Amino acid sequence: MALGTALLQPFGVGRDAEDPMMALAEDIARLAAIFAEDTLAEGPLAAETQAAAEEVGQTVIAWFTAEDAGGQTRQDRALARIEARLPSVRGFLDGLVGDAGEIADDPSKIIGLIRTFLDLARSAADALTLPAIRAEMEFLKSLVEDDLGLAPHFLSDRIVEYTDVLRRRLRDLPAPIDADQRRRVNLARVTLARFGLRAHLLIPPGIDTEALARMLHEALRGSPLDEALRQVNCALDGIEASLNAAVAASAAVSTDPQPINAGVASKPDHAEYSYFASYLLREEDLPLVGLDDFDGADDFLTTFRDSDNPVIREIRDALTPVESAPLDAFSGGDPEREDLLPIVAGLNRILQSGPVLELGDGDLIPDEDLTDEIRKLRQNYRDDQDLFLLNRRVVEHAFDGDIKRIKIDSTRAFARWVASTFKWPHHQVYVTGDRKYVMCDDMPIHIGEDVKWNDAPIFAGEIPNALWFKFAHAEPGTCEIYAQVVSLAAEAAKAIWHTIEIQPGHEAQNATVCAWEYADLIQQVLWGRPLSGHLLQGGPHLRRFGKYLESFVGVKGIFTFGSSFQNLQSDAPTEKFLHWLTVQAGDIFRTLTPIFLCNLARDGLISFVALLNFGGHRDGERGLGSNPAANHRKQKSFVIATEVGLAAALIAAFPRDNYSIMLFNAGRNDLRPQRTNAMAVMWLAGGLGMGLGAGLVGSFLAQVISAGWDYKRLLTTAGITAGRMFGLFWFYLYIFRENATARGTYRVGGGSFRGYPDRATSPYLLPYPAGVERYCGQANLGLFSHNRITNSNFANPALNAVQQAYAYDFDHDFGEPIACCRGGVVWAFTENIADSVDNMGWNFITIRHGGTPDAEHDDFDGTGAVQTYSVYGHLATNGVTNAPLFGGVTPTAESVTPGSGTPVSQGDLIALAGDTGVSFHNHLHMHVLPDDGTGNPSTVITIPFVFRDMRVGQLPENSPLNNGILKSLTWYRSRNGA
């Protein structure tokens, strides 16, 4: 049944679909559409979804807190395990915080500490051997499944329970107020009923620690991060030299650099940016009043000065003489920024001091004259710590349109999530150049003389019933220096990583990105602020422009997009756009991966200190108290890291034989078992179950560090991560499964190969002439066609194609010559298929390798070397006879006639590329076949092989990453024929 039909005919969903798994996927899409429509219509489904989650959450809480025969709870056991490991980590980070606290405003010392941080990261990476990773995975499994009891069946039972609870709540809803709402509720109930029939089958896979450890070890050893960390000292030497030159240049023009800004004195007009405070407020709503929150600043000041509204009158009377002086002097017209700052700072001081409705004699506005929202906020703000929002709503109401109404709702939260995804800076805290104001974006949150960022009320001590932060572990100044150095270390790591990954023939992308990062790093060391920090004292457009510069959609995004046009296909008759699309995908991935991982490490280090600063009870009493500091909320980096770890555990259990885009092909009726495993067990049960576990474990870990227990946040986090992992499952699958051949030991259908042979002695060179660079769009075990499912027909095995798990796709342009990878003789070729026509036939040439079979490279299964053959496919029409070796259109004396037995040497140009057969875009497909024992190439399997001239990015020749194994979405330069 089509999704549109199901939405129009809700009661038809009870019928069984031809493919149950496709029906299940359709039901999920249907539910998402129903709930989205109902949310936009302000219907009851969103509230019932949350209420059902809270109801099921009570089961989880009871599970954690139930005592065993010895009087110990699961929560207690997990706490004991984590806290037993915590002291060493805490001591290590305390040392780093202490080192940061000793740094003065000296750029050379900053570089030294950055070097220390990155060297520590390198040491940590070197220590992550397979046994060490295995031990950590065993600890994780024991914590998740044994101590917390989050075993597969428990998670499956919660999915079933949630479905049942939500169905019951929808059944018990009062009669809908209109036909559309009734339709949505009924459709949701029926769809949930159908989903519930299979929910008991949704059992997530357990954590296979061995498979997970091997996958993570392989990913680490195959990542440029490891090599980037090895090149830290060399790169930092260059940064230090550039820094010294910049310091000398700045001295020549009498400009004082401001490398560290934890409250140190500095020249006027230099805004003092705070890394730590900006981090603390990054994901918080701060509903105070900003300079840009007025439809007309003159109208606001006129109302403020003249209004008899009791709220405005009491706020006006509560201003200090310094704060009220510009208001008293106001005589009309547009005020200057300097005139607005003290007035708005005074207003925000009052908004942070207590409920404005209780100023003076209190009860300034009768309850019946308040809006419903304000009445509700007034009733609940103490429990919700929403003082700022209550006061903001009150002044918006009192000023009656002179202060813009801000949105604090799911739309704002979604916008913040989008901004975070694209690395858009949210709140940024700084001290103005005259040292009179602490600002958060355009909001003055404190006024005084020679102020520091931590003088602002939200950082200076407890604010009743409001947002505030605590410094129980490290002083604000130390935290600031620590956060700045950690941030600079992360910037250096990104720049070095991007430098390592500069692609031959496609240099513009990483080269421009890393050049920008190096320049930004040096200016941050010199001036103590990110690029956006230079524009914070400007108007709203300048501030937005500064944040745009830092975000991924800014300069780095422009560089990534613009450079994707370098070395694109020009002669391909069709599908050039698809070629550009794959190149752009690789560019985006190479830009974002270092940014994401380095930011995650940075945030984790800063979060740890922020959580420790909460200083909760460590004597068994772990409640938050009645007015907790917001430090305990700084858990996101731990949750994301846990989510990635459990996503890796989930993908480690995903069968390599099932990895294929064809799982979504509804016409492949032979894929029901594979589709059931992928969609029911892995995606639905695994994504939701492992996501639930990731949220619980990540939030649990953060709460252990802060010593502040918050069940509501624990359960809310679990729900969010369950949805996020479910939504990101296929992305995680590509990240962790693409090219994951277990070092070449994976064999389609079972059994194993010996693994990839040694690159140094490989007889294979890349299939294009020396000095030419080409893009490997898909490598071994690729999602699109280099996998078992794409090349199998399980209903009729006689129609199987050669299993191409070990194959490579190179982006050869149309008619481009193909170089022979390994010499031999022509075995067979076909060249009469028409160009640019998708069909099952393709033009190809097969080369039977000459000489004695190689004992290492032709022995794929340990039984001895065999004859091997290389196949070059998707050739152009007449792409063999028109190849240079065979004379082309202008034969020479050296030309030979192609035919069975014609000798070819390595480097000879033996074919012309095309896109015949099933081809995404013009490219060359290449794989190697073993002899089937009868003197013919196998029609069953391809075998692992490596290229001797393969080199990753800018890595040195002896790098362990130069192992001859190509990766998807990567450029390589050939030395074939050199």
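Eight strands form an open sheet, arranged in the order 11-8-9-10-13-6-5-14 with antiparallel pairing; two strands count as paired if DSSP finds at least two bridges between them. Strand 11 (903–904) and strand 14 (970–973) stand at the edges with a single partner strand each, so one side of each is left without a neighbour in the sheet. Helices (H or I, at least four residues) and strands (E, at least two) are DSSP runs, numbered from the N terminus.

The model is predicted: local features need pLDDT of at least 70 and side-chain atom pairs count only at pLDDT 80 or more, while totals for chains, interfaces and linings use all residues. Residues are numbered from 1 along each chain as its sequence is written, and side-chain values use heavy atoms, with hydrogens and water left out.

Together with Y872, I910 and F947, I845 has the most contacts inside the largest nonpolar core, which has 113 residues. Such a core is a set of buried Ala, Val, Leu, Ile, Met, Phe, Trp, Tyr and Cys residues joined through side-chain atoms within 4.5 Å. Buried means under 20% relative accessible area, exposed over 50%, and partly exposed in between (1.4 Å probe, protein chains only). Helix 27 (residues 672–706) gives the largest share of this core, 14 residues. A second, separate core holds 81 residues, including A277, A297, L347 and V395.

F300 lies in helix 13 (residues 297–306) and is buried, with a relative accessible area of 0%. Although F300 and G401 are 101 residues apart in sequence, their C-alpha atoms are 8.9 Å apart in space.

Buried positions are found elsewhere too. In helix 24 (residues 555–563), V555, K556, G557, T560 and S563 are buried, and their cover includes helix 22 (507–527), helix 23 (540–550) and helix 25 (576–612).

N791 is found between strand 5 (773–778) and strand 6 (807–810) and counts as buried at 8% relative accessibility. A polar atom of the N791 side chain lies 2.9 Å from the backbone oxygen of S785, and the backbone oxygen of N787 likewise lies 2.9 Å from a polar atom of that side chain. Not counting residues up to four places away in sequence, N791 touches S785, N800, A801, V802, Q803 and Q804.

Finally, the chain as a whole has 28 helices and 14 strands. Of its 978 residues, 54% count as buried. Among contacts between residues at least 6 apart in sequence, 76% join residues at least 24 apart.

Technical notes. Contact means heavy atoms within 4.5 Å. A polar contact is a pair of N or O atoms within 3.5 Å; within protein, one must be able to donate a hydrogen and the other to accept it, and residues adjacent in sequence count only if both atoms are side-chain atoms.
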